[in-house]
Amino acid sequence: MSFSEKQKELVKQSWEIMKQDIPALSLYFFTQVLEIAPGAKGLFSFLKDTDEIPQNNPKLKAHAVKVFKMTCESAIQLREKGEFVVSDTTLKYLGSVHLQKGIAAPHFEVVKVGLLRTIEKGVGEKWCEDMKAAWSESYDQLAAAIQAEMTKEA
Ligand code: HEM
C-alpha cells in the first residue's frame, strides 16, 4: 500500500509538536530504549560510564533528534517519491557509524518501540493508530536502508 498524504501529514504534524520539547523527549526516548534493552547502554559513548541518563547531554539529544527528523523526512519522501531516498553519502555515513558501533537488527527494533512510545507521550491526546502506523512505516523504510548499507559494508 502506498504512503498516503494523510500519513505524511500525521508524521509532520506530530513532529512539529514534539520539536517544542526536545530535551525532555530525548531523555524519555533513551529511558524507553534502556528500559527495553539495558544492554544498549554500553553502545553509546555518553551513557556507558554513567549510572543515570545524563540530562541535557548534546550527543544524547543529537541522536534522538536525528532519528526523529530522518524518520520524518522518510515519511515525506515515501509520499512524494514513493520510496525512501537519501543521498549516498548520508547513507554510507549512517551505515559505517552503526556498523562500527556494533549495532544489529534487534537494536533497530528496540529503537522503534522507544520512538513510538516517545511520540505517544509527546503528542498526548492526538495519538492514534493511524499516526502509529505512519511513523512505523517511515521508520521501517529508513532502518532497512541503513541496515542494507551496513550489510554492504560488512
Ligand atoms: C550514531 C542516526 C539507529 C546507535 C548515529 C549518528 C547518526 C545516527 C546520524 C552519528 C551521530 C553524529 O556523529 O553526530 C541514526 C538513525 C537511526 C539510528 C537515523 C535509525 C533510523 C540507531 C540504533 C542504535 C544506534 C538502532 C542502537 C541502539 C548509535 C550509536 C552511535 C550512533 C551508539 C554513536 C553515538 C555516540 O556514541 O556518540 N546514529 N541512528 N543508532 N548511533 Fe544511531
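Visitor: Is Met131 buried or exposed, and why?

Guide: A residue is called buried if 20 or more other C-beta atoms lie within 10 Å of its own, exposed if 12 or fewer, and partly exposed in between, with C-beta atoms placed from the backbone. Met131 is buried because 21 other C-beta atoms lie within 10 Å. Please note that this is a predicted model, in which local features need pLDDT of at least 70 and side-chain atom pairs count only at pLDDT 80 or more, while totals for chains, interfaces and linings use all residues. Residues are numbered from 1 along each chain as its sequence is written.

Visitor: Where does Met131 lie, and which residues does Met131 touch?

Guide: Helices (H or I, at least four residues) and strands (E, at least two) are DSSP runs, numbered from the N terminus. Met131 belongs to helix α6. Two residues are in contact if their C-beta atoms, placed from the backbone, lie within 7 Å. Not counting residues up to four places away in sequence, Met131 touches Leu10 and Ser14. By C-alpha atoms, Met131 is 21 Å from Val85 in space, and the two are 46 residues apart in sequence.

Visitor: How is the length of α6 judged?

Guide: The expected span of a helix is 1.5 Å times one less than its number of residues. With 25 residues, α6 reaches 36 Å from its first C-alpha to its last, close to the 36 Å expected at 1.5 Å a residue. For α4, which has 13 residues, the reach is 18 Å, close to the 18 Å expected. After α4 comes Gly102, with a positive phi near 75°.

Visitor: Which residues of α6 are buried, and what covers them?

Guide: Among the buried residues of α6 are Met131, Trp135, Leu142, Ile146 and Met150. Their cover includes α1, α3, α4 and α5. Leu142, for example, is in contact with Met70, Thr71, Ser74 and Phe84, leaving aside its neighbours within four places in sequence.

Visitor: What is a nonpolar core, and how many residues has the largest one here?

Guide: In soluble globular proteins, nonpolar side chains tend to be buried together. A nonpolar core is a set of buried Ala, Val, Leu, Ile, Met, Phe, Trp, Tyr and Cys residues joined through C-beta atoms within 7 Å. The largest one here has 29 residues, and those with the most contacts inside it are Ala64, Leu115, Trp135 and Leu142. Two or more residues of this core come from each of α1 (5–18), α2, α3, α5 and α6. The most come from α6, which gives nine.

Visitor: Which residues come nearest to the ligand?

Guide: A residue is near a molecule if its C-beta atom, placed from the backbone, lies within 6 Å of it. There are 22 residues around the ligand, of which Ser45, Met70, Lys101, His107 and Val111 come nearest. The elements that give two or more residues to this shell are α3 (58–80), α4 (88–100), α5 (105–123) and α6 (129–153). With six residues, α3 gives the most.

Visitor: How do the residues of this shell divide by type?

Guide: Ala, Val, Leu, Ile, Met, Phe, Trp, Tyr, Cys and Pro count as nonpolar, Asp, Glu, Lys and Arg as charged, and the others, Gly among them, as polar. The shell holds 15 nonpolar, four polar and three charged residues.

Visitor: What is noted about the phi of Asn56?

Guide: Most residues other than glycine have a negative phi. The phi of Asn56 is positive, near 60°. Asn56 lies in the loop between α2 (22–36) and α3, and counts as exposed because it has 9 C-beta neighbours inside 10 Å.

Visitor: How many helices and strands does the whole protein have?

Guide: The protein has six helices and zero strands. Of its 154 residues, 27% count as buried. Its C-alpha trace spans about 45 × 40 × 25 Å along the principal axes.
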